[in-house]
Amino acid sequence: MLGDWHQLWEIVSAPDNVPIVALLFLVPFYVWYAFRQARANDELIEKLEADPAAAKTAHRKTQPYHPKWDREVHTWPYLMRVEFVAAILVTVLLMVWSLTLNAPLEEPSNPNVTMNPAKAPWYFLGLQEMLVYFDPWIAGVVMPTLIIIGLMAVPYIDANPLGNGYYTYKQRRFAIWTFCLGFIGLWVAMISIGTFIRGPGWMWFWPTSTWDAERIEYAVNRNLDAVFGINGAWLVHLMPVANRAYSPILARIIFGFFPIALYFIVASYLVYRVMNSTNFTQRIFRRMTLLQIVTTDLLLVLMLALPVKILLRLIFRIKYIWVTPWFSI
Amino acid sequence: MAEDNGGKRTGLLGRVREFAEEIKKIFREKGKEEIEGLKDPEKTQLYRSIFRVKHEETPRSRSLGVLSNVFLHLHPAKVNRDATRYNYTWGMGGITFYLFIVLTFTGVLLMFYYHPSKVQAFLDILYLENDVPFGKLLRNMHRWAAHLMIIAVWLHMFRVFLTGSYKKPREFNWCVGVLLMVLTLLLSFTGYLLPDDQLGFWAVTVGTNMARATPGLGHEGPFGSLLGMTPYNDVRFALLGGSIVDANALLRAYIWHCIAIPLIASVFMGVHFWRVRKDGGISGPSPVMLESEIKEDKGPRPVIMRPSGMV
Ligand code: HEM
């Protein structure tokens, strides 16, 4: 099949999607750029660790160096001119962009004509994508809150004193993997999916397939309790006759609690193991206070719940794990 | 006045001529002085009153030039030589700030043409696009600068993370940064509704529908209805000033977008820059630290109570 390249072009060239296309290039570029410097520093670190005598006198930086150079330079003109050039370049870029691409303007707003797909602004598409896997109160409220809290907690839970003020990978593997998983794997990637793959009805359209608003997706998702055949048959006998009608609901409430609890226990344990997986991470772990350990563990467990739920959905077609009359997870 | 003045009484004409001579001379002499002075503008009273210090290529003058200027004094007089290279900060914080300024500038110009009302808003955009000189360019620049600012904020955060710049003593500034990022996103989001077109309308509808599901505070959220939430009193209602995205929502978005959030963000930016300096300037590029140099903690101290300055 040749595929519908026109459709792909239409998505990629939509003016409002240009930032995401740019992001697809910028993020890999800066990852590469940062890791190139990290590698250089890591090599230097390795050399110095191997040779303590040299470590005492070495310059300890990978930037060009001359003993006669001053450690500091005047802001004026050495920093100001860089800022000035940066401002000009950004202005030129913005001008060219604004002259070549027009900001979108659709028909006047009309509550009676639904846009299909109705997409949030691109920077919130990650959250909208989460709506596929979670109810709105999780995807739209709890998750953004946790992201903000989690980010603000970072400096207070990272007990590793190394890598303050220089790029390094080897000294901060755990932190860097975590952040990249969140930022690239769960934020940028979800935005890309929301932009390039989600079409009408928020259905999944592989790139180059045509957005067909008529397509019907047959939902075969089941709740976990249905998979296990929980219907309250056992519970019926324990309940007063008058309330027996509620036994399936009650059974599901009780049942659903256990897989969630199990997930928290297993995931916390795994995170704990990873935090103690090498001599170095063990050393950092010993420096952590109880509050730091618990917070780190909890935040990571909550973050990992995203990919876990996504996989449960994609592989086992599970809709909810825990169904209650008040909320479902 | 080499002219004859002694004794001889001149008539009115003579006096006028004399006066003209005098004026001519004043103009010639003082004028020459004035123009000579312009060759060295830094010595003028005007210049000194504005800039307060002479600009010379001396360390003292260079430092004072930065420190005594309200716009430049956010900078220290001197910076880490390696920090002026692109590869450490990527200039992303500065670019973010510059884009904020561009957005303020273009935004104020847009405000001259925009009425936040259901009747006018969309027409104003059409007017801007088709009739206002450079109106289209103005709108495009505002739009794309907003997108660019979001990308720049994310990349800035990414580099701050990868350089470990949130570590002691910059923990708090990282938190200020997180709030700035949230404010940046909210700025962009509130602006999305203002053209009052389908795109903005449905994006904001989708976005604020999530507020319906706020646990306890939204009428469709967990425990919401138990706590007495209805479409007419929950958080979504507070955000939109109504139960649907309509005129009140447009006005609220406008005020958040043009006044409230920019003000709040400016205050936080002030704090952010202030803290960059107070925390000892940019974190690096600093000399690498070795694992063997980690000082062992002297017993457990809770994060909340750990004395500052301890590693
Ligand atoms: C409106 C948004 C923001 C603006 C205008 C801004 C601006 C800046 C500027 C100009 C600097 C100086 C160094 C540089 O350019 O990298 C800086 C440093 C810093 N920013 Fe931001 N920033 C913003 C958002 C953020 C965010 C989202 C974070 C993190 C979550 C953050 C955390 C920091 C930290 C920790 C520093 C000190 C870095 C160091 O010492 O190396 N900022 N910011």
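This is a predicted model: local features need pLDDT of at least 70, side-chain atom pairs count only at pLDDT 80 or more; totals for chains, interfaces and linings use all residues.
Residues are numbered from 1 along each chain as its sequence is written, chains are lettered from A and ligands numbered from 1 in the order of writing, and side-chain values use heavy atoms, with hydrogens and water left out.

The contact between the two chains, where contact means heavy atoms within 4.5 Å, takes 108 residues from chain A and 105 residues from chain B. The buried area, defined as the accessible area (1.4 Å probe) that two parts lose on being put together, summed over both, is about 10200 Å² between chain B and chain A, and carbon and sulfur atoms give 69% of it. Between the chains, 54 residue pairs are in polar contact, with both residues at pLDDT 80 or more; a polar contact is a pair of N or O atoms within 3.5 Å, and within protein one must be able to donate a hydrogen and the other to accept it, while residues adjacent in sequence count only if both atoms are side-chain atoms. Among the elements that each supply at least two residues of the side of chain B that touches chain A are α5 (92-111), α7 (135-162) and α8 (171-193) of chain B, where helices (H or I, at least four residues) and strands (E, at least two) are DSSP runs numbered from the N terminus. The most is given by α7(B), with 19 residues. By class, this side of chain B has 63 nonpolar, 18 polar and 24 charged residues, with Ala, Val, Leu, Ile, Met, Phe, Trp, Tyr, Cys and Pro counted as nonpolar, Asp, Glu, Lys and Arg as charged, and the others, Gly among them, as polar.

A search of the whole structure finds 15 salt bridges over all chains, a salt bridge being a side-chain nitrogen of Lys or Arg within 4 Å of a carboxyl oxygen of Asp or Glu. Across the interface of chain B and chain A there are five salt bridges. E293(B) forms a salt bridge with R60(A), in which the closest N and O atoms are 2.6 Å apart, and D16(A) forms one with R143(B), at 2.8 Å between the closest N and O atoms. The latter pair runs from the loop between α1 (5-13) and α2 (18-50) of chain A to helix α7 of chain B. Strand β1 (residues 72-74) of chain A pairs with β1(B) in the antiparallel sense over three bridges, pairing being assigned if DSSP finds at least two bridges between two strands, and V73(A) stands opposite V79(B).

Around the ligand there are 26 residues, of which H156(B), R159(B), G177(B), H272(B) and S283(B) come nearest; a residue is near a molecule if one of its heavy atoms lies within 4 Å of it. An oxygen atom of the ligand lies 3.1 Å from a polar side-chain atom of R170(B). The residues of the shell divide into 13 nonpolar, eleven polar and two charged.

Most residues other than glycine have a negative phi, and most peptide bonds are trans.
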